[in-house]
Amino acid sequence: MSAASVTAADLVPAKAMLQALPQPIVMLDEDRQILFVNYAAEAFFGASMSVLTRQRLDDLIAFGSPIISLIETVVSRRAPMTEYRVSIGSSRFGDERIADVFASPISDVDGRIAVLIQERTMADKIDRQMVSRGAARSVTGLASMLAHEIKNPLSGIRGAAQLLEQSVSAEEIPLARLIREETDRIVGLIDRVEVFGDERPLEREPINIHVVLDRVKLVARNGVGRGVVFSEEYDPSLPPVFGNRDQLIQIFLNLVKNASEALERTQKPEIKLSTAFRPGIRISVAGVAERISLPLEIVIEDNGPGVPPDILPFLFDPFVTTKPNGSGLGLALVAKIVGDHGGVIDCDSRPGRTRFRILLPVASGAFQLPADEVPYK
């Protein structure tokens, strides 16, 4: 079929194929005027095609972006080119995103360019989480080896401190009590580390994640989240997750507790709970031949001061904490439980907005919930 004989009807399958791709695709002319974007590009830039096609790419991308020079080179050379790990800033979204950018001429006639954007953020965060899980497993091995040997002498020290409290002078009682309390604290820390070594299979069932989130919100409002404004943005059609109810509550209660504590000095503190169905993210899991799809997205967002940038990449590692008296095991345990459910967790943070996003698999063949399965009010 010659180029002259191509009709609009002939282009329909090609357009449908571009719309089906999960990566953002932008078609430009040689002046970088936007001619077409697919659905993924609309989501990426946060605007519809009718809005985007009235602009040039330069109006969307931050000044001096390497994407502009990449496209200029493709136009002049009439050859495809790729830039890896490019920082993309846009007026359409506040934070910068890291992506691989592929640009190629569409034809040798009219100078049109196709640009494909492969965002690296999720892949990099999943890689970091796998490293965090490896660190957690190392802690597990150390805890399993030393817990018994450490707890035995600590038990003797605690017993001796209790006896001392009964026999020493009134002035020395606080010192004996200090020994007992610090011994209890060390035992408690060891108990928390030992949780990482619990490899027993989870008792799981199809669960409405909104039931879990409403229970967490109820507990938080009457406890650590007192005074915080909670809001929800739920997808009511979300299918159930195959999980353990108690452990899922522990995950989100820990995240909400951390968010509430981070908001202590924030005026008008707010925590937003949201859910959505996000197809397209799949990962490989050890022991499973097929790649696992993670379409269930749950986000805990707060308007606090944010996580320090130097800590953010290691946030889910054991013993990493921003709290003066924190043990650094809370988020590591959250990551372990999420991993046990076959999911992943990541954190995106800047001053004024911190988002913990959890992706979980759908309960296979269990889309029908019991009739009495309704969210708590």
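Modeller: Gladly. Axes are lines fitted to C-alpha atoms, for helices over the stretch in contact, and angles run from 0 to 180 degrees between N-to-C directions. Helices (H or I, at least four residues) and strands (E, at least two) are DSSP runs, numbered from the N terminus. This is a predicted model, where local features need pLDDT of at least 70, side-chain atom pairs count only at pLDDT 80 or more, and totals for chains, interfaces and linings use all residues. Residues are numbered from 1 along each chain as its sequence is written, and side-chain values use heavy atoms, with hydrogens and water left out.

Biologist: How many helices and strands are in the chain?

Modeller: The chain has 10 helices and 14 strands.

Biologist: What describes the way helix 9 and helix 10 cross?

Modeller: Helix 9 (residues 245-262) and helix 10 (residues 330-340) have axes that come within 10 Å and cross at roughly 145 degrees. The crossing is left-handed, a word used if the near helix is turned anticlockwise from the far one by less than a right angle, with right-handed for clockwise.

Biologist: Which residues of helix 9 and helix 10 meet?

Modeller: Contact means heavy atoms within 4.5 Å. By that rule Q247, Q250, I251, N254, L255 and N258 of helix 9 meet G330, L331, L333, V334, I337 and V338 of helix 10. Sorted by class, this contact holds seven nonpolar, five polar and no charged residues. Ala, Val, Leu, Ile, Met, Phe, Trp, Tyr, Cys and Pro count as nonpolar, Asp, Glu, Lys and Arg as charged, and the others, Gly among them, as polar.

Biologist: Why is helix 10 called mostly covered?

Modeller: Buried means under 20% relative accessible area, exposed over 50%, and partly exposed in between (1.4 Å probe, protein chains only). Nine of the 11 residues in helix 10 are buried, including L331, A335 and K336. Helix 10 also lies across strand 13 and strand 14, at about 140 degrees to strand 13. After helix 10 comes G342, with a positive phi near 80 degrees.

Biologist: What makes strand 7 and strand 13 edges?

Modeller: Two strands pair if DSSP finds at least two bridges between them. Five strands form an open sheet of mixed pairing in the order 7-9-12-14-13. Strand 7 (229-233) and strand 13 (344-350) each have a single partner strand, so one side of each is left without a neighbour in the sheet. From one strand to the next, the twist averages 15 degrees.

Biologist: How do you know that strand 12 and strand 14 pair?

Modeller: Seven bridges join strand 12 (residues 296-302) to strand 14 (residues 353-360), and the rule asks for at least two. The two run antiparallel, and E297 stands opposite L359 in strand 14.

Biologist: Why is the pair of F44 and F45 called edge-to-face?

Modeller: Rings of Phe, Tyr and Trp (its six-membered ring) pair if their centres lie within 6.5 Å; planes under 30 degrees apart count as stacked, over 60 as edge-to-face and the rest as tilted. F44 and F45 are 5.0 Å centre to centre, with 85 degrees between the planes, and form an edge-to-face pair. F44 and F45 are both buried.

Biologist: Why does Q118 count as partly exposed?

Modeller: Q118 has 30% relative accessibility, so it counts as partly exposed. Q118 lies in strand 5 (residues 113-119), and touches Q23, A99, D100 and F102, not counting residues up to four places away in sequence.
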